Amino acid sequence: MSIRLIIILFSFFVLGKIYSKFKKQELSKVEASLWFVLWLGVLFATLLPHATDILALYLGIGRGADLLVYLSIVVIFYVIFAIYIKTRKIENNITKLVREIAIKEKKD
Amino acid sequence: MNIFIVIPAYNEELSVGKVVSEIARVYPEFKIIVVDDGSSDLTGKVAREAGAMVLRHMVNRGQGAALKTGTDYALAKGADIIVHFDADGQFDTQDIRAMTEPILSGEYDAVLGSRFLSKESNIPFLRKIVLLAGKFFNKVFLGVKSSDPQIGLRALSKKAAESIAISHDDMAHCSEILEQLYKSNLKIREIPVVINYTEYSRKRGQSSLNAFAIAFKLILNKIFKNY
C-alpha cells in the first residue's frame, strides 16, 4: 500500500465531499470550483509525478516534489490569511450583536 | 450640561463599587454608566447598587467594545461631555474635574490624561518600558503624538465623541481613538494625572507582552484599512 495510493483514494474522497457539499448548497459555485481544482491538482500530481518534474524544471526548481512543497506552503499561507480575515469579521459581528442586546436590555 | 462617566468593567466587583460611589459622592450631577463586559462575578450588581446605570454585554468582548457601547449609549441619552474612566481604582476621582474644565470652558474638544506629564505615578518598571515603547510606536507608525497613548482616562465633548468610531474591541482601541481624534482636527489638550498602581490593580492589568500583539494588529489595520 503505497502513499500514492492513499493520497489518490483520499483525493477522490475529498472531491466527492466537495460535490456533495455543493449539492447541499453549503458551498457556492465559486468556492466548490476552487477547492475542486485544488484537489484535482493533488490527484494530478500524484498520478503523474513526472509531470511535476517537467513543470519544476521549467520554473527553475530541481524536483517536482520541491515544487509541490513550495506551492503548498504558499496556498496554506493564503488560506490562513483568509481565515484570519473571516475570523475578524465574525468577531466584529458578535460584538455588534452583544452591544445591541446590551442596549435593548437596559432597564430604565 | 449632561456629563456622563463611562466605565468599562470586566470582573471588577472588588473595586467598581468604590469607584462608582466615589464619583457619585464628589460629582452628584454626573450620570455614571458602567458597561459590564460579560463579567462572571458580581460586577454588574455591585455597580448598580453603587448608583450606576449598568449595560451588560452577554459575553466578554474587550475594553474597546465596552467603551463604544457605553459611549454610544451616553450620546443617545444626550451627553454633552463623556469621560472614560477605569474600574480598577487606579485613576484619581479628583482628576475628573481638571479633565472636564477645558471642555466646559469651550476651549477644547478632548482632554487626555497623561501619566508622563507628572512624576507622581508609581509606574512599575517593566510597565513603564512597555508604555514608552508604545509611545514610540504610536508616534512613528501611526503619527500619533501623545505623551501617554495607552491611558484610558479621557474626556470628550459631544463633538469629539461623535467623531470617533471604535472598531478595535481589544486594547488597540487606545491608539485608534487617538488617531481619529487627531485626524478630526479637534482641539486636544493633555493634562497630567496620577495613576495609583496598587498590588491589586497590578494583578488586574494587561500583560506587558500583549503590547506586541496589539502593535502587530495596529500595523495590519493601517495597511488593510478597516477590513
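I looked up the lining of the largest pocket and found 14 nonpolar, 12 polar and 10 charged residues. Here Ala, Val, Leu, Ile, Met, Phe, Trp, Tyr, Cys and Pro count as nonpolar, Asp, Glu, Lys and Arg as charged, and the others, Gly among them, as polar.

A note on the source: this is a predicted model, where local features need pLDDT of at least 70 and side-chain atom pairs pLDDT 80 or more, while totals for chains, interfaces and linings use all residues. Residues are numbered from 1 along each chain, chains are lettered from A, and side-chain values use heavy atoms, leaving out hydrogens and water.

Next I checked the space in the largest pocket, which is about 900 Å³, a volume being the space filled by probe spheres set on grid points joined across faces, edges and corners. A pocket is an open set of points on a 1 Å grid over the protein atoms alone, where a 1.4 Å probe fits, with protein on both sides within 12 Å along at least five of seven lines; lining residues have an atom within 4 Å of a point. Among the residues closest to the centre of the largest pocket I noted B:Met171 and B:Arg204.

Then I turned to the rings, and counted 6 aromatic pairs over all chains. Rings of Phe, Tyr and Trp (its six-membered ring) pair if their centres lie within 6.5 Å; planes under 30 degrees apart are stacked, over 60 edge-to-face and the rest tilted. B:Tyr27 and B:Phe30 have planes at 5 degrees, so I logged them as stacked. Both are buried (under 20% relative accessible area with a 1.4 Å probe, protein chains only; exposed is over 50%, partly exposed in between).
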